[in-house]
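Thanks for asking for a second pair of eyes on this one. My notes follow, as numbered points you can read beside the model.

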Amino acid sequence: MEKSRRGLVAAALLALLVAGCAPMDMVERVTEPEPTELLQKAEGQAPQQAAGTRLKAADILAQRGQTQQALDIVSELDVKLLSPEGRVRWALLFSELAFDHDDPWSVIQATQILDEDLPFSQEQRLTLRYRQGLALGMVGESLAASEALLQVQAATDSTELNDTIWKQLTRLGRSALDKLGRDPAELTAGWLSLVELQRRNSSDIERLFRQFEEWRERNSGHPAARRPPSDLMALRELRGREVRRIAIFLPESGPLANVAQQIREGIQTRHMQAVNQGETTPQLTFFDSSNGNLESLYAEANMAGAQVVIGPLDKELVTELENRDSVPLPTLALNYGHGERNNARNLYQYGLSAEDEARQVARRAYTDGHRRSAILVPNNEWGWRVEEAFRQAWLEQGGEVGSTIRYNPQATVTSAVKPLLNVSGERARLDGIDMLFLLALPSYARQVPPTLDYYYASNLPIYATSHLYEGRPRPRDDHDLNDVLFVDIPWLIPDAAVGGEEALPFLTSYQELRGNNDPALLKLTAMGVDAYELGRRLPQFQTIPGSELFGATGTLSATSDGRIQRHLPWARFIDGIPQPPLRNELLLDGLSGVLDDQDD
């Protein structure tokens, strides 16, 4: 969480809630004895009295800036021992401290108290619901986050939440939007119609804003009509900059020709579907990049009137581009260069990066509360690169690496797991390791959980990249992967990703392309679909930082140096089939319907 979040949360609450609201209405502050004295005093008190004393000590510590010690105290309190008023104050203090320490799950734990019959003031209830909504968004529960934030807006009629609500709503898939739209209140119905309007017209800015003005006239009292979301209004800058011609650099011969053909099929399929749906579409011109002469390719693209280039695919050519100061035309390369950073202005890089997946695994595992990892990757260049991506992301968050093994894919799994888990006799010695990051192909991955079971480490959570899944359900083969969490593109795990095929992004293209395609080939055609959409929206990504595309290969966004990051949906093997993952157990009970019937 960025360092300024606490201040932003406080400022937003002050704007949201009625005059006189105290967002951090915690333990009454008449006197301030020393916290150490209070904690010592609590040791000799009855349990109920001791809990109140410890809460008071935590509040004083928080006031003095000793937030970690305060958080340690409130997180260990037995809340059932507190009075009803004390439980409310505990929730307010715990949720604030958890935000301060980038711990959304603890915020969610604290705010579950909203489901209890306790003496909340309106301000306290709204403060906790607001924090709950933000925290749910942070852990990827965009539907539940939207519901919580909409509750706050319904109670306050404030426009201050518009940008936050819009960010969560625009991340929802079709099935989640449909669930939110079941018997919606007028406020929610207005938001949903605005999201639909934006999605239908995102590639035609003129039409988007014509229809938006019509929407505002019909919904003049809606918060989004009074203060439109800033991300939506930023699109006005793109008027007159729609992409009308795209040049595509793909090799027609050589080692990448077959890959290029699949990407081209995805591009062309999505293009024809857009034409058939009446969208304003760019003219496509393909150029053979087999000879690797970039100067010649850009000259031809300029002569053809291209505004945007998609390609090249070859990693060496992308590296050549990223080392320049700029590129002749805004370019979406279909690979990542060798450099740590992209240095060229107007160059974007997009591909199916395993490193992206590793970084996402690191973020999710840390958010889930894990702190000490084991790493199991193949002993080859691919494994080293992915390991480094995971390790860097993990350490940056404050995680520790307890054990790392680079395995020989041809050797037995036992030969890797025994040293990984410091097995003595037949029992693993985990030494605080609380999760395993696994990079493996299906045949190897399927042997890992049974091996952990054999060494009495069956409770060690496994987080993996997409590579352990073949791309089609094989319950008989994959039953040994039960409970393993992994990421993959929406088109390969539709039930887990969006609640079924009908809710997939670019559904008509998916239906045409899936056919008898091998899953690996379907991934490449999906990449072509998203490359087409990224190419036609490149001015948006250039102009509006934070722009996202809900695509066939994940939710796509650009880093500051133009590299496109994929955020993939999660799945868990249940009965050998990828299913929506069970949430952190803190979410399984409670949240008063905010999570009812939700799947991401």
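**Notes on the model**

1. Let me begin at Ser466. Leaving aside its neighbours within four places in sequence, Ser466 touches Glu357, Phe486, Val487, Asp488 and Lys523, where contact means heavy atoms within 4.5 Å. Ser466 sits in the loop between strand E9 (462-464) and helix H23 (475-478). Helices (H or I, at least four residues) and strands (E, at least two) are DSSP runs, numbered from the N terminus. Ser466 is buried, with a relative accessible area of 1%; buried means under 20% relative accessible area, exposed over 50%, and partly exposed in between (1.4 Å probe, protein chains only).

2. A word on what you are looking at. This is a predicted model, in which local features need pLDDT of at least 70 and side-chain atom pairs count only at pLDDT 80 or more, while totals for chains, interfaces and linings use all residues. Residues are numbered from 1 along each chain as its sequence is written, and side-chain values use heavy atoms, with hydrogens and water left out.

3. Next, have a look at helix H9 (residues 162-169). Its buried residues are Asn162, Ile165, Trp166, Gln168 and Leu169. They lie on the same side of H9, because they cover an arc of only 165 degrees around the axis; the arc is that of the directions from the helix axis to the C-beta atoms. The general rule is that an α-helix has 3.6 residues a turn, so residues three or four places apart point the same way. The cover over the buried residues of H9 includes helix H7 (122-138), helix H8 (142-156), helix H10 (174-180), helix H11 (186-201), helix H13 (223-226) and helix H14 (230-234).

4. H9 and H11 come up again at the second largest pocket. The volume of this pocket is about 1,000 Å³, and 39 residues line it, with Gln198, Arg199, Arg200, Ser202 and Arg537 nearest its centre. Elements giving two or more residues to the lining are H9, H11, H14, helix H25 (507-514), helix H26 (519-536) and strand E11 (548-551). H11 gives the most, with 5 residues. By type, the lining holds 11 nonpolar, 13 polar and 15 charged residues.

5. For the terms in that point: on a 1 Å grid over the protein atoms alone, a pocket is an open set of points with protein on both sides within 12 Å along at least five of seven lines, and lining residues have an atom within 4 Å of a point. Grid points are joined across faces, edges and corners, and a volume is the space filled by probe spheres set on the points. Ala, Val, Leu, Ile, Met, Phe, Trp, Tyr, Cys and Pro count as nonpolar, Asp, Glu, Lys and Arg as charged, and the others, Gly among them, as polar.

6. Strand E11 also belongs to a hairpin. E11 and strand E12 (residues 554-558) form that hairpin with 2 residues between them, and they pair in the antiparallel sense over 4 bridges (two strands pair if DSSP finds at least two bridges between them). Leu549 stands opposite Leu556 in E12. In E11, Leu549 and Gly551 make up the covered face, and Glu548 and Phe550 the uncovered one.

7. How many bridges join E12 to E13? There are 4, and the two strands run antiparallel. Thr555 has His567 as its bridge partner in E13. The hairpin of E12 and E13 has 5 residues between the strands, and Gly562 there takes a positive phi near 90 degrees.

8. Some backbone details deserve a look. The peptide bond from Gly311 to Pro312 is cis, with omega near 0 degrees, and Pro312 is in the loop between strand E3 (308-310) and helix H17 (315-322). Asp157 has a positive phi, near 55 degrees, although it is not a glycine; Asp157 lies in the loop between H8 and H9 and is partly exposed, with a relative accessible area of 46%. Phe506, likewise a residue other than glycine, has a positive phi near 55 degrees. Phe506 is in the loop between helix H24 (494-498) and H25, and is buried at 16% relative accessible area.

9. Finally, Thr404 is found in strand E7 (residues 400-407) and counts as partly exposed at 27% relative accessibility. The C-alpha atoms of Thr404 and Leu376 are separated by 6.1 Å, with the two residues 28 apart along the chain.

Technical notes:
On a 1 Å grid over the protein atoms alone, a cavity is a set of points where a 1.4 Å probe fits but cannot get out, and a pocket is an open set with protein on both sides within 12 Å along at least five of seven lines; lining residues have an atom within 4 Å of a point.
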